[in-house]
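Dear colleague,

Here is the structure I promised to pass on. Please open it first; my notes follow below.

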Amino acid sequence: ISGVVGKDVVELMNQAFQRNNLPSLKIDLLINNTTATLVSRYIKDPKCEMGAIIGTGTNLTYWEKLKN
């Protein structure tokens with residue numbers, strides 16, 4: 001999609017909802033599929049520390065302490 005490089009895509013989506021008379025829709029957070037995989041598994045099993053997607057590319061995400 002042209003015109004989104006360097007822009008806040010969450011804000012762009014929320015503006016599009018407003019323009020299209022959908023003010024009840026609002027995005028607060030956008031994460032990629034690898035992070036979503038980690039978070040969704042963590043909800044079921046708090047011992048989960050990594051998420052991976054292998055298919056269209058190879059992605060990996062993991063928990064890191066904020067102080068690091």
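This is a predicted model. I start with its surface. Leu29, Ile31, Val39, Tyr42, Ile43 and Trp63 make up a nonpolar surface patch.

In sequence, Leu66 and Gly6 are 60 residues apart. In space, their C-alpha atoms are 25 Å apart.

Now the strands. Strand 1 covers residues 50-54 and strand 2 covers residues 58-62. The two run antiparallel, joined by five bridges. A hairpin of three residues links strand 1 to strand 2. Across the pair, Ile53 stands opposite Asn59 of strand 2.

What does Thr34 contact, leaving aside its neighbours within four places in sequence? The list is Gly51, Ala52, Ile53, Asn59, Leu60 and Thr61. Ile53 and Asn59, the residues that stand opposite each other, are both on it. Thr34 itself is found in helix 2, residues 33-44.

Is Thr34 buried or exposed? Thr34 counts as buried, because its relative accessibility is 1% and the cut-off is under 20%.

Best wishes

Note on methods. Residues numbered from 1 in each chain as written. Predicted model: local features only at pLDDT ≥ 70, side-chain atom pairs only at ≥ 80, totals over all residues. Heavy atoms only, no water. Pairing = 2+ DSSP bridges. Helix = DSSP H or I, 4+ residues; strand = E, 2+ residues; numbered from the N terminus. Buried < 20%, exposed > 50% of the residue type's maximum accessible area, 1.4 Å probe, protein only. Contact = heavy atoms within 4.5 Å. Patch = residues over 30% accessible without salt bridge, like charges linked within 9 Å, V, L, I, M, F, W, Y side chains within 5 Å. Areas by Shrake-Rupley, 256 points an atom, 1.4 Å probe, with all protein chains shown as cover. Salt bridge = Lys/Arg side-chain N within 4 Å of Asp/Glu carboxyl O.
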